[in-house]
Amino acid sequence: MSESITLRVTRYRPDKDREPAYQDYDVPLREEWTVLDALNYLKNEIDTTLTFRWSCRMGICGSCGMNVNGDPCLSCATFLTDFAPGPVRVEPLANFPVMRDLVVDISDFMAKLPRMKPWIVRDEELSVDEGEYLQTPEELEAYRQFSMCINCMLCYAACPVYGLDPQFVGPAAIALAERYDLDSRDQGEPQRLDVLIEHEGVWGCTFVGECTRACPKDVDPAGAIQRYKLKAAQETAKAFLLPRGIRR
Amino acid sequence: MTKGAETLQGLQERLPKVGIRDTSRAWNTELVTALEAANLLDIAECMLASGVRREESRGAHQRIDFPERDDDRFLAHHLVHRDADGAPRVERLPVTITRWPPGERVYGR
């Protein structure tokens with residue numbers, strides 16, 4: 001008789017259930033299995049009606065974010081044995097509306113993202129004939145870590161400020177703004193600052209730091225937000241002290 | 001490939017018996033998977049029908065009975081249609097060569 005572990009999984013079908021409820025499933029406790037492996041076993045062998053998002057199984061796609069025992073994590077990068085003897089609570093990411101079972105609606109983030117202009121902004125674009133925007137390895141290193149974000153939404157699920165105030169732009173979006181600000185090819189910093197200097201921009205953050213703790217790619221969104229607060233404060237001071245023409 | 005075609009035929013015959021337990025209209029991944037299975041079998045049939053006729057090796061299509069590439073006979077797209085009796089029918093479409101003429105793909109040589 002091999003060992004097993006109980007998964008306590010949130011079930012919710014919007015067209016059939018009044019509210020979410022837990023359902024318990026016993027799955028084999030295998031040393032090499034992640035929580036995602038256990039969910040796939042569950043769907044294939046026990047209950048085909050369970051719905052969850054996943055794709056790459058290797059921490060790159062950012063699809064399989066869930067709250068496991070209350071902590072937001074990538075279920076493909078979280079081992080089942082860490083929770084033995086169980087039970088393990090598997091719930092949808094906190095702070096988002098639930099669409100079905102473990103699937104959350106991230107349209108709020110998708111709407112906020114383009115406001116950060118997460119692409120290379122130029123005052124004047126070079127033509128294709130003029131070639132590429134070149135960059136040294138040092139210039140790449142300046143923003144590389146902030147570019148590792150996989151939009152898995154764990155930082156939003158971890159952020160108590162976002163939980164209380166959905167207007168808050170949130171960690172990943174601000175980290176992404178910083179990623180482009182730090183890019184030597186980019187000139188969009190003033191435009192991004194205009195958005196982030198607003199009340200619901202960087203000032204929403206109370207520096208809890210849970211976003212950085214939750215991040216599976218070590219992006220450090222909390223660090224990005226602090227850097228941005230400094231920029232925003234400097235900009236505000238300049239606005240008081242300098243005539244409009246020579247700011248920035 | 002003949003053996004593969006037989007297996008595929010068996011799977012196609014089993015497909016209509018596939019049942020689905022999930023009756024929800026929201027995020028029904030079981031239904032999506034079943035629909036995808038039907039499409040995957042059709043695509044597999046296209047690949048097999050086309051691969052059997054392509055008596056050469058090219059790119060990801062590698063045959064031990066025809067290890068060489070044969071531009072004279074097979075520098076062409078294969079288009080697979082379904083005939084009225086359900087069998088795949090393979091047609092050829094000539095390749096339009098643009099900037100890069102096709103050449104042999106060599107690795108480490």
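Chain B against chain A

Biologist: Which element of chain B has the highest mean pLDDT?
Modeller: This is a predicted model, and chain B averages a pLDDT of 93, with 99% of the residues scoring at least 70. Among the elements of chain B, the lowest mean pLDDT, 92, belongs to helix H3 (residues 71-74) of chain B. The highest, 96, belongs to helix H2 (residues 29-53) of chain B.

Biologist: How many residues of chain A are in contact with chain B?
Modeller: Contact here takes heavy atoms within 4.5 Å. On the side of chain B, 10 residues take part. Their partners in chain A number 13 residues.

Biologist: Which three residues supply 53% of the area that chain B buries against chain A?
Modeller: The area buried between chain B and chain A is about 920 Å², and carbon and sulfur atoms give 53% of that area. Of the area that chain B buries against chain A, three residues supply 53%, more than any other three. They are B:Ser24, B:Trp27 and B:Thr29.

Biologist: Which residue of chain A forms a salt bridge with B:Asp22?
Modeller: The rule finds 1 salt bridge across the interface of chain B and chain A. A salt bridge needs the nitrogen within 4 Å of the carboxyl oxygen, and here the closest N and O atoms are 2.8 Å apart. The partner of B:Asp22 is A:Arg100.

Biologist: How many charged residues are on the side of chain B that touches chain A?
Modeller: Between chain B and chain A, 10 residue pairs are in polar contact. The residues of the side of chain B that touches chain A include 2 nonpolar and 4 polar ones. The charged residues number 4.

Note on methods. Residues are numbered from 1 along each chain as its sequence is written. Chains are lettered from A and ligands numbered from 1 in the order in which they are written. This is a predicted model: local features need pLDDT of at least 70, side-chain atom pairs count only at pLDDT 80 or more; totals for chains, interfaces and linings use all residues. Side-chain values use heavy atoms; hydrogens and water are left out. Buried area is the accessible area (1.4 Å probe) that two parts lose on being put together, summed over both. A salt bridge is a side-chain nitrogen of Lys or Arg within 4 Å of a carboxyl oxygen of Asp or Glu. A polar contact is a pair of N or O atoms within 3.5 Å; within protein, one must be able to donate a hydrogen and the other to accept it, and residues adjacent in sequence count only if both atoms are side-chain atoms. Ala, Val, Leu, Ile, Met, Phe, Trp, Tyr, Cys and Pro count as nonpolar, Asp, Glu, Lys and Arg as charged, and the others, Gly among them, as polar. pLDDT is the predictor's confidence in each residue, from 0 to 100. Helices (H or I, at least four residues) and strands (E, at least two) are DSSP runs, numbered from the N terminus.
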